[in-house]
Amino acid sequence: MSSEEEAFAPDPSEQTRAMQELLPYLYDLVGGTAEITTEDYWSSERDGSVDYDEPPSIRSVYIRTHNAAALPMDVTCEQWIVIELGRIGGRWELGYDSGDLGRAKALLGAAVAGRVTETTALGRSKVDVTLTDGTIVTEAGYDGCLTILIPLPGWTTWGCTRQYEPYRTKAAD
């Protein structure tokens, strides 16, 4: 890890604190409607060895819903808290302060409630998330180097749009 990377690396206690706040929230939010898997990753030294006595450098949570029409989610605590909602787009990089933790919870809650639409086109995706206050936040993503070179004017209007379902459907409740 270079000195520049170390300057931006969060304190491992921030990652731990964020996960200790987000995990119980996720379990309460999804109940029995999804499978939640956690993983910790340790950074390796230059020689390839790993010091497991140090705290993990990356903590991840994968949420896979039982409703196939609902949106799976990923949460990663690394340099930032990364929330991923969508296939290509829908990646939010948040800090570790209380405001960003609140934003992470709002994004996750909207996905579980089914307030997410995703528009896809060739190697592109735009994810719109409607928060509880009615605010819509959007993130677009691109997959592969050709997507930058191949313009697709108006792809967000003619692309395939999908409205994800809530984790809990009325029939399941």
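Accessible areas here come from the Shrake-Rupley method with a 1.4 Å probe, and for residues only the protein chains shown count as cover. By that method the protein has an accessible surface of about 9800 Å². Carbon and sulfur atoms hold 52% of it. This is a predicted model: local features need pLDDT of at least 70, side-chain atom pairs count only at pLDDT 80 or more, and totals for chains, interfaces and linings use all residues. Residues are numbered from 1 along each chain as its sequence is written, and side-chain values use heavy atoms, with hydrogens and water left out.

Start with the overall plan. The protein has five helices and nine strands. Both are DSSP runs, numbered from the N terminus: helices are H or I with at least four residues, strands are E with at least two. From the N terminus on, the order is α-α-β-β-β-β-β-α-β-β-β-α-α-β. Of the 173 residues, 38% count as buried. Buried means under 20% relative accessible area, exposed means over 50%, and partly exposed lies in between (1.4 Å probe, protein chains only).

Strands of a sheet pair through backbone hydrogen bonds, either parallel or antiparallel. Here the sheet is open, its order is 1-2-3-4-5, and the pairing is antiparallel. Two strands pair if DSSP finds at least two bridges between them. Strand 1 (34–41) and strand 5 (91–94) stand at the edges with a single partner strand each, so one side of each has no neighbour in the sheet. Neighbouring strands are turned by 15° against each other on average, direction ignored. Axes are lines fitted to C-alpha atoms, for helices over the stretch in contact, and angles run from 0 to 180 degrees between N-to-C directions.

Inside this sheet, five bridges join strand 2 (residues 58–65) to strand 3 (residues 73–77). Ser60 stands opposite Thr76 in strand 3. Helix 2 (residues 12–30) packs on the sheet and touches strand 1, strand 2, strand 3 and strand 4 (81–85). Its direction makes about 10° with that of strand 2. Contact means heavy atoms within 4.5 Å. Helix 3 (residues 98–113) lies across strand 3, strand 4 and strand 5, at about 15° to strand 4.

Six bridges join strand 6 (residues 116–121) to strand 7. Val116 stands opposite Val129 in strand 7.

Beyond its neighbours within four places in sequence, Ile83 is in contact with residues including Val75, Trp92 and Leu107.

Finally, look at Glu118 in strand 6. Glu118 counts as buried, because its relative accessibility is 1%. A polar contact of 2.5 Å joins the side chains of Glu118 and Tyr164. A polar contact is a pair of N or O atoms within 3.5 Å; within protein, one must be able to donate a hydrogen and the other to accept it, and residues adjacent in sequence count only if both atoms are side-chain atoms. The backbone nitrogen of Arg87 lies 2.8 Å from a polar atom of the Glu118 side chain.
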